[in-house]
Amino acid sequence: MQTIPKPIADFLDKPYELTRKQIEFYQANRFIKLKAVLPPEAVAFFNVVISQQVELMNKEQTALEDRTTYGKAFLQLFNLWLENSLIKELIFSKRIAKIASDLMEVDGVRLYHDQALFKEGGGGITPWHADQYYWPLETDKTITVWIPLQATPLEMGPLEFSAGSHIIVEGRELEIGDKSEALIQERLRVTDFNHVIEAFDLGEISFHSGWVFHRAGANVTNDMRKVMTIIYMDKDMILKNPENKNQVHDWNTWCPGATIGEVINSPINPILYSR
């Protein structure tokens, strides 16, 4: 049985100390990119392990050109940590969970769920959207870490952010698709929010809040853009009454057995970091 190399396991528990300036940047913009969070050997290791797991789990058989805009955006697989003990080591990393907790300025974080997002060579855009439209969560103390499993130039479609756009209410009611891309892009066009489009270096990862608007460009290369994501929430997050069918789905799928009005504490929502 394969085990994670000890130097990588040790690194995943090693604190990454944020500066006050970085925390203030996140609080103002609700996203941040951080360099050298993971060493090259860890990225290479998880590239192989996660790619193998995605290949096992992927059931997509529709040709790329015949899919919807959402389907062309990426192959999307969930909760790989339940299927693979090596991937669980990354998802349960105290190093990454502590960064999430520090950026949100909370006392600890729980796992909401993880996702592999693999944008195929020739894959289309990921439309403008805000993640928390899908989540039956009481507060905005949520954060997603976006972990590229390779250096990601602009040609591969790295994540883009509308800095500070979490204050916009218009567009929050839209699920991801052609409508969200058109309407949110128009809304952002007439505002002063800075649109941040940057490549990701190897080992660089980003964190963004549930209500900040973001997108990704097409992958115009022939290579797969491989990304692993982890979604965290405040360890004291309350389940709210769902406001749409997608939030009902997420309640039943990612918070099974949780009760409206109470802290989400299901077996698949463990606390990953606590002060």
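Which side chain does the side chain of T126 join in a polar contact of 3.0 Å? Select T126 and K119: the polar contact is between these two side chains. A polar contact is a pair of N or O atoms within 3.5 Å; within protein, one must be able to donate a hydrogen and the other to accept it, and residues adjacent in sequence count only if both atoms are side-chain atoms.

The model is predicted, so local features need pLDDT of at least 70 and side-chain atom pairs count only at pLDDT 80 or more, while totals for chains, interfaces and linings use all residues. Residues are numbered from 1 along each chain as its sequence is written, and side-chain values use heavy atoms, with hydrogens and water left out.

**Stop 1: T126**

Stay on T126, which sits in strand β4. Helices (H or I, at least four residues) and strands (E, at least two) are DSSP runs, numbered from the N terminus. T126 is buried, at a relative accessible area of 6%. Buried means under 20% relative accessible area and exposed over 50%, with partly exposed in between (1.4 Å probe, protein chains only).

**Stop 2: helix α7**

Select residues 178-189, helix α7. Its 12 residues reach 16 Å from first C-alpha to last, close to the expected 16 Å; the expected span is 1.5 Å times one less than the number of residues. Colour S180, E181, I184 and L188, which are buried. Seen down the axis, the buried residues fall within an arc of 95 degrees, so they line one face of α7. The arc is that of the directions from the helix axis to the C-beta atoms. D178, K179 and R189 are exposed on the other side. Now show β4 (126-129), β6 (159-162) and β9 (214-216), against which the buried residues of α7 pack.

**Stop 3: strand β3**

Select residues 108-119, strand β3, where 12 of 12 residues are buried. Two strands pair if DSSP finds at least two bridges between them. The partners of β3 can be shown in turn:

- β2 (residues 75-78) is antiparallel to β3, with 4 bridges; L75 has F118 as its bridge partner.
- β10 (residues 225-234) is antiparallel to β3, with 10 bridges; L111 stands opposite Y232.
- β11 (residues 271-274) is antiparallel to β3, with 3 bridges; V109 stands opposite Y273.

**Stop 4: helix α8**

Select residues 245-254 and colour N246, Q247, D250 and W254, the buried residues of α8. They cover an arc of only 95 degrees around the axis, which puts them on the same side of α8. β2 and β3 are included in what covers them. K245 and N252 are exposed on the face turned away. At the start of α8, a side-chain oxygen of N244 comes within 3.0 Å of the backbone nitrogen of N246.

**Stop 5: the cores**

A nonpolar core is a set of buried Ala, Val, Leu, Ile, Met, Phe, Trp, Tyr and Cys residues joined through side-chain atoms within 4.5 Å. The largest has 50 residues, and F46, I50, L90, L103, F207 and Y232 have the most contacts inside it. Helix α3 gives the largest share, 7 residues. Apart from this core lies another of 14 residues, including Y133, M237, A258 and I264.

Finish on S51 in α3 (residues 40-57). S51 is buried at 15% relative accessibility. Beyond neighbours within four places in sequence, S51 is in contact (heavy atoms within 4.5 Å) with F46, F118 and K226.
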